[in-house]
Amino acid sequence: QASEAAPAAAAGSRTWVWLLIGTLAVAGLAVLPTALRRGQRRKRTERTAAAYPAAAWDEVQASAVDAGIDWPAGRTVRQQAASVAAALDEPPDAPAPSALRRLAALIEKSRFAPSGKRAPPLGTASLLVTDEPPTESEPSDAEEDLAVVLSALDALPRSTVTRVVPPSLRHRRSLRDSNPG
């Protein structure tokens, strides 16, 4: 009888090991999309928004899509900024819509300034394009504007499913294609 109990106990412990491995695998898969999205945000926001406005705008786009805001191809930067600002449901002169307009102006300047030139930092009175190269430590309000906009987008209600599997990850190719520059 003792010899029959040993194989049964071993089979039972193997079942628990496989059940534990399966549970850990499912939990890991559930956390993976959120971790990937956080990594994207960290990569896009670790550089200054003034020096790398395209990365900042890509993050605004991904965060807006994650919040359920439509981002169709073919809209101009200003049109999309207005659409996102309307979705924030705040007065136009509130901090987030104002910051969004400033970021949109920054991305437009970076896209349409003459080659080899770039727009001055936000907060300066001049709208002229400068010959100065961008620097990582350039003082600018762009980082604060980006933080305000992302915070407002993150505060919008969303389902648990979209928090676990952000829509911007599912639609990465279409996001990339709709964001020229």
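Mentor: E108 forms a salt bridge with R78, the closest N and O atoms being 3.0 Å apart. This is a predicted model, where local features need pLDDT of at least 70 and side-chain atom pairs count only at pLDDT 80 or more, while totals for chains, interfaces and linings use all residues. Residues are numbered from 1 along each chain as its sequence is written, and side-chain values use heavy atoms, with hydrogens and water left out.

Trainee: Why is the pair E108 and R78 called a salt bridge?
Mentor: A salt bridge is a side-chain nitrogen of Lys or Arg within 4 Å of a carboxyl oxygen of Asp or Glu. The closest N and O atoms of E108 and R78 are 3.0 Å apart, so the pair qualifies.

Trainee: Which helices does the pair link?
Mentor: E108 is in helix α4 and R78 in helix α3 (residues 77-87), 30 residues apart. Helix α4 covers residues 95-112. Helices here are DSSP runs of H or I, at least four residues, numbered from the N terminus.

Trainee: Is E108 buried or exposed, and how do you know?
Mentor: Buried means under 20% relative accessible area, exposed over 50%, and partly exposed in between (1.4 Å probe, protein chains only). E108 has a relative accessible area of 16%, so E108 is buried. R78 is at 59%, so R78 counts as exposed.

Trainee: What does E108 contact, leaving aside its neighbours within four places in sequence?
Mentor: E108 is in contact (heavy atoms within 4.5 Å) with V77, R78 and A113.

Trainee: What makes D154 and R41 a salt bridge?
Mentor: The N to O distance between their side chains is 2.7 Å, so the pair meets the cut-off. The two are 113 residues apart, with D154 in helix α5 (residues 142-155) and R41 in helix α1 (residues 2-45).

Trainee: Which residues are linked in a network of salt bridges?
Mentor: The network links R37, R41, R44, E59, D66 and D154. The structure holds seven salt bridges.
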